[in-house]
Amino acid sequence: MSLPTPTKTELRIAALARRSALGEATRDAAARALANHAFPLPITPSSIVAGYSPIRSEIDPVPLMQSLASHGARLALPVIIARDEPLMFRVWSPDSALIAGSLGILEPPREAPQLMPDILLVPLAAFDRAGHRIGYGAGHYDRTFAQLRAIKPFTAIGLAFDTQEIEAIPMQPHDVALDYVLTETRVIDFRSK
Ligand SMILES: Nc1nc2c(c(=O)[nH]1)N(C=O)[C@@H](CNc1ccc(C(=O)N[C@@H](CCC(=O)O)C(=O)O)cc1)CN2
Ligand SMILES: Nc1ncnc2c1ncn2[C@@H]1O[C@H](COP(=O)(O)OP(=O)(O)OP(=O)(O)O)[C@@H](O)[C@H]1O
């Protein structure tokens, strides 16, 4: 008899537990390793790259964001507008101040100009071998991808630790697959599939 397929919620809980079990030194080394991979896209002064302010045990995107900025990219961070709304992105540079937004996540202040990213660095709870992803379950990134897709082409790059990879995530119609995932050991390209 085969085991029942785990739900997205069960997969999320298990992957977040594996992520949280990593020690601080392992997490720091992984964040630096992300920045040292050959980045899979060209970066020019017109590239707008949205990252995130890390929370809990998420892999820290800041070393990678700093490296991309040193190649000319303009950086942005997400701002939560409301629970059921897409995210908005506002300009950020590593020396500019942030404020605590709703949910306590650090975000740029209202005065920071809004930007539409070309590249989104996306925090993950889990990802699978086809580039499907699970987040915290609020649907923010899925809504953001859907909205942004109607405005301009963009590339979605998930950032994760290797331990967050799982065999297969059950997909729902609103789920948008990632173009790439960067982990501490790999740059995985899902576009050729
Ligand atoms: N660092 C970071 N920034 C981010 C995100 C993220 O995943 N990571 N987001 C990605 O969307 C947006 C914020 N969305 C979030 C959505 C839910 C939860 C959260 O903690 N959810 C609770 C459950 C809350 C509930 O249902 O009552 C949880 O997971 O325990 C956090 C952030 C924008 N900024
Ligand atoms: N484009 C969309 N329009 C309307 N509702 C959406 C859209 N995308 C996702 N949702 C809703 O958001 C909720 C959470 O979706 P899901 O479980 O896929 O979250 P997730 O991928 O883990 O989270 P996130 O996208 O925030 O990282 C679902 O109830 C879903 O119906």
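Some conventions. The model is predicted, local features need pLDDT of at least 70, side-chain atom pairs count only at pLDDT 80 or more, and totals for chains, interfaces and linings use all residues. Residues are numbered from 1 along each chain as its sequence is written, chains are lettered from A and ligands numbered from 1 in the order in which they are written, and side-chain values use heavy atoms, with hydrogens and water left out.

I start with the strands. Helices (H or I, at least four residues) and strands (E, at least two) are DSSP runs, numbered from the N terminus. Two strands pair if DSSP finds at least two bridges between them. Strand 1, residues 48-50, runs parallel to strand 2 and is joined to strand 2 by three bridges; I48 stands opposite R74 there. Strand 1 also pairs with strand 6, again in the parallel sense, over two bridges, and A50 stands opposite L120. Strand 6 then pairs with strand 9 in the parallel sense over five bridges, with I119 opposite T155.

How much of this is covered? Buried means under 20% relative accessible area, exposed over 50%, and partly exposed in between, with a 1.4 Å probe and protein chains only. In strand 2, five of the six residues are buried. Strand 6 is largely enclosed by the rest of the structure, because five of its five residues are buried. In a regular strand the side chains alternate between the two faces of the sheet. In strand 6 one side holds I119, L121 and P123 and the other L120 and V122, and all are buried.

Next, the cores. A nonpolar core is a set of buried Ala, Val, Leu, Ile, Met, Phe, Trp, Tyr and Cys residues joined through side-chain atoms within 4.5 Å. The largest has 46 residues, and F39, L120, I157 and L159 have the most contacts inside it. A second, separate core has eight residues, including L11, I134, I166 and I169.

Helix 4 covers residues 140-149, and its buried residues are H140, Y141, D142, T144, F145 and L148. Contact means heavy atoms within 4.5 Å. Among the elements covering these buried residues are strand 2, strand 3, strand 6, strand 8 and strand 9.

On a 1 Å grid over the protein atoms alone, a cavity is a set of points where a 1.4 Å probe fits but cannot get out; a pocket is an open set with protein on both sides within 12 Å along at least five of seven lines; lining residues have an atom within 4 Å of a point. Grid points are joined across faces, edges and corners, and a volume is the space filled by probe spheres set on the points.

The largest pocket has a volume of about 810 Å³. Of its 35 lining residues, L103, Y136, A138, H140 and Y141 lie nearest the centre. Helix 4 gives the largest share of the lining, five residues. L103 sits in the loop between strand 4 and strand 5 and has a positive phi of about 75 degrees, although it is not a glycine. L103 counts as exposed, because its relative accessible area is 70%.

The search finds one cavity of 30 Å³ or more. The residues lining the largest cavity include R19, Y52, E58 and L159.
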